[in-house]
Amino acid sequence: MPFRVELLWSDLLVWLLVAGVIGLVLYTRKRPHLSAPWVRVGASASGMAAATVLFFFVLTGLLDSVHYRSALPVQGGKPAWSTELHSLLDRALEPLRASREKTYSAPLATHLFAKETVVLPDGREDRLFPRLRHGGAHLADPQADRWADVAARAFRGFSLALLLWFVAAIGVAAMTARRTESGIEAAWREVWSGRTPLQWRAVLCALGAVLVVAGPVAALATHYHVLGTDKVGQDVLYQALKSVRTGLVIGTLATLVTLPFALVLGVMAGYFRGWIDDLIQYLYTTLSSIPGVLLIAAAVLMMQVYVENHQELFPSTEIRADVRLLALCVILGITSWTGLCRLLRGEVLKLRELEYVQAAQAFGVSHWRIMMRHLTPNVMHIVMIALVMDFSGLVLAEAVLSYIGVGVDPSMISFGTMINGARLEMAREPMVWWSLAAAFVFMLALVLAANLFADAVRDAFDPRLRAAGGRA
Amino acid sequence: MSAPLLSVDGLTTIIHGGGAPLRAVDGLSFSIAAGETFALVGESGCGKSMTALSIMRLLPDAGEITGGRVELQGEDLLALPESRMRDLRGHRVAMIFQEPGLSLNPVMTIGEQVAESVRRHTALRGAAADARVLELLDAVRMPDAQRRATEYPFQLSGGMKQRVMIAIALACDPALLIADEPTTALDVTVQAQVLDLLRELQQSRGMAMLLITHDLGVVAQVAQRVAVMYAGQIVETAPVDAFFASPAHPYASKLFASLPERAGRGHTLAAIPGSVPRLDRAFSGCRFAERCEVALPQCAGTLPQWHEVGQGRAVRCHLYGSDERGAMSDERKAESPASSRSSFITHHSSLLEVSDLKVWFPVRKGLFQRTVGHVRAVDGVSLSIAPGRTLGLVGESGCGKTTVGKGLLRLMEPTAGRVFVDGMDFLALSRGELRQRRRDVQIVFQDPYASLNPRVRIGDALEEGLLALGIGADAEWRQSHIDALLEEVGLTPDVKARYPHEFSGGQRQRIAIARALAVEPRLIVCDEPTSALDVSVQAQILNLLKRLQRERGLSYLFISHNMAVIEYMADEVAVMYLGRIVEQGLVDEVLRTPRHPYTQALLAAVPAADPQQQRRAIRLAGDLPSPLNPPQGCHFHPRCPVAMPQCRERFPAAKSWSSTQVAYCHRHE
């Protein structure tokens, strides 16, 4: 099927970020003093387990960041493109996306959650729970067959997951064997006792956990709504997976927006001191005393008005939602650079008195060059730590902001909109709990993995923690 | 000798790190008799502090005692449960550390901190405990103990804090006091006070002391027996007198030879080549073999055994094994005395001329940051240096000597005064002009670890000055220039691609010197360039600086607190006290016939590495006053043993003793 790839602004930034990370990895690999802390991250079991889980989240997010329009049937010689923008993730989850129900249905249900008046074949009307259009539609007698079918499919998924895991484990063992030039059995023992420099055991454990959950879910998802459906009948699992990208984009891009402010202003304040320092300090003290939510709400509403008045600039709903997402990143970034800036100022105040900076001054090296060459590289460990630590905070902030209605566009699926949509249904009897639970579990997994990874990064980069352990 | 108080037998401590475990202490055996002062001396990283911590069982988490016995009065300390060990620490064995500022809790008054130890280990409570605290503070000569007991650590100077630490250690009359570099962080005049105190306390209380130090001078003044440690092992033990008369182990004798005060001026110091071996490998022979000049063929392959050489001394060296005895000769390579001394005349037109330099730091207060006072770090300093000569600037910490160096380089903007470099007024230059003249004056810093950017490769660091000053036509010329420089300071050009963390302190200091030399300066400000280095490495660096001066006709402003180094390096010397120069002259005049009472006290306080040499008993009271609020008149009068009424009123005028020696003191007017 022909298609046309379309880059949204956030896609562009996400892929630029990926390119940047790859570039940094290549740069770091060749420099032992830069790669040393990453080697320490690799040696941390919790860090590597968290990184494995994060990897799957990032993979989901990246798949969701390649958008395309599929071709419509040719009419009048001119190729026409669909008005709907889909991502690779949508394509992979096509069965989930397409299998809409009428309204709420519980996880793994075969019938709708609410009674409806239906016209029976003999012409009578009755109020009953109608069969779902997709969930368990293949079953002749849902009451009798459902659980057996679910168990059989789950088992099939579980077996497939185990198989995949063994393939991965053998791959890891073979790789270790090649590196250590030993037999594959010895290599496996090495991996399994956790003696490899990179904690492959932790990676394999986390991979196992992810596969054991994902395998049965994937096997069931083709014929059931594993996490139920929401008010408009959309699959909740699909929503949760789509939310991952929104969370990741907010978490990473907003942090990136904070960086230039924090880095430039923090280093300048610390290096020049005097009135420049005073000015920058006043700036961030003032900014951090304005309630952040108010500022964000105001900015987002202004952005919304602007978008609505300039519809010609933003031709489709996807683009409008995307612009609003970016605006949210920017405003979140602008309101949250003060903490890092303060940290960097303090560190630079200390560094500028160091003797290599003074030696450079004695050579008449320009201020700009001293800041670029001698100060910035030496505060990068703080930046690194702040980056990964802020990430989870921003993911949570998005959820809160969307919940109160100043976050992402309501048409964009995110954890916040999921929670917002689910909150009224909590009061229903019987309760509709699955939307909230799905958002909660996914967000917990993402933020917990990010926090564990951040801890590992901080331990590896923080010179004080290292000094405490290593000093003779 | 009666049964020893403390006996250590085969103590082995390893430290687990990233790679192979470090054998920080490797089969150490020694014993201390009751009432004896035993010194453990060695260079940094040889395992002295680890020995002390192992005895106290206070090792860091990564450390582990893997073998040996430590017996205190017949009781095996390594077998005791931790709860018993806690009773013992501070009670029967007490310890004081190097950094008194870090050993005291900043939010408790010092009285409480002493009382804590009293209450922990004795039954004294309430008024009795308070009385005991005052008694202890008196015992360590804390002036005005009653009032001081209610003060917090930040109100006390470094010397005072160390006295408090000693008072805490003495709280229960321990049988053994372990002092880990107790005076290293202190100034020389304060160090003399603390050493006197330790010696007196040890004698009056019959307490044994394990003194850990790198300073042979301190050993000579305080200890009765000495053990020399090298790379985790003791290589020689001897009574102090015999040891200082003729050290037996080649390492010990080289240590002496590398002391600047023992070598004559104009002689090259006998530096020990290389550096201490890493302790994470196994040794098959003598650990010193690869640096030893008199190594025998078997030294590299066979572990040397202990050999008794009489008078209670023992050496771990093959030279004393069989018939090789006497192979040692104290050969000191006599460099041709074509020293820099005679080749230049004193009244040569000067390269650097500083007159009335003042560097004041404003003290700001209040909402609008009004200036309410000044810290007069440098308050009217005048000096001059002729081409090819060295001026030593000496003084205690906080006297402003580093600020002089930075002020004349305009790393700190001076408040007033003039600095002429080769006739050009350095302070009147605009920023652009200054940049051009920067190549004339360069600086070498104290801390070799802070003076190189850890993220910049050596080659790039050396090139930085050339690029900034626009020296050198093209990259090729610059690279060959850097190669030549590295070879000149004793490194190979292939270090260019490496990062600073791969180098030892001495190598880093060589790199820092090469960096300063890169722009071909005429004057180098050496700001304590060797005070962070071990004695043997210090000798290497001093030799290098001397050679460079000879070959390039460099001038040095050599800033140091170490009299011996100044004596070795400088042609002229200026003594600074609290922002002002109090005495100035040729090095021989000032050090042989000091005229100012401060210079005299300073010289008397230096512990000589010779137990025979009786020190003249000039003891300064108190500490350096604050430069924020210096005393009226002569700054030195509150501590001066011979102060007169007019000292309080005005700063004394210069009094010349020869064409070169000048002192500022009322007593000589």
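Is A:Pro142 buried or exposed, and what is its relative accessible area? I looked it up in this predicted model, where local features need pLDDT of at least 70, side-chain atom pairs count only at pLDDT 80 or more, and totals for chains, interfaces and linings use all residues. Residues are numbered from 1 along each chain as its sequence is written, chains are lettered from A and ligands numbered from 1 in the order written, and side-chain values use heavy atoms, without hydrogens and water.

**Entry: A:Pro142**
I found A:Pro142 buried, at 7% relative accessible area. Buried means under 20%, exposed over 50%, and partly exposed in between (1.4 Å probe, protein chains only). A:Pro142 sits in helix α6 of chain A, residues 142–180. Helices here are DSSP runs of H or I with at least four residues, numbered from the N terminus. I then listed its contacts (heavy atoms within 4.5 Å). Beyond neighbours within four places in sequence, A:Pro142 touches A:Thr110, A:His111 and A:Arg131. I also checked A:Ala359, 217 residues away along the chain: the two C-alpha atoms are 80 Å apart.

**Entry: A:Phe166**
I placed A:Phe166 in helix α6 of chain A too. A:Phe166 is partly exposed, with a relative accessible area of 47%.

**Entry: helix α9**
I compared the length of α9(A), residues 236–272, with expectation. The expected span is 1.5 Å times one less than the number of residues.

Conventions:
Helix = DSSP H or I, 4+ residues; strand = E, 2+ residues; numbered from the N terminus.
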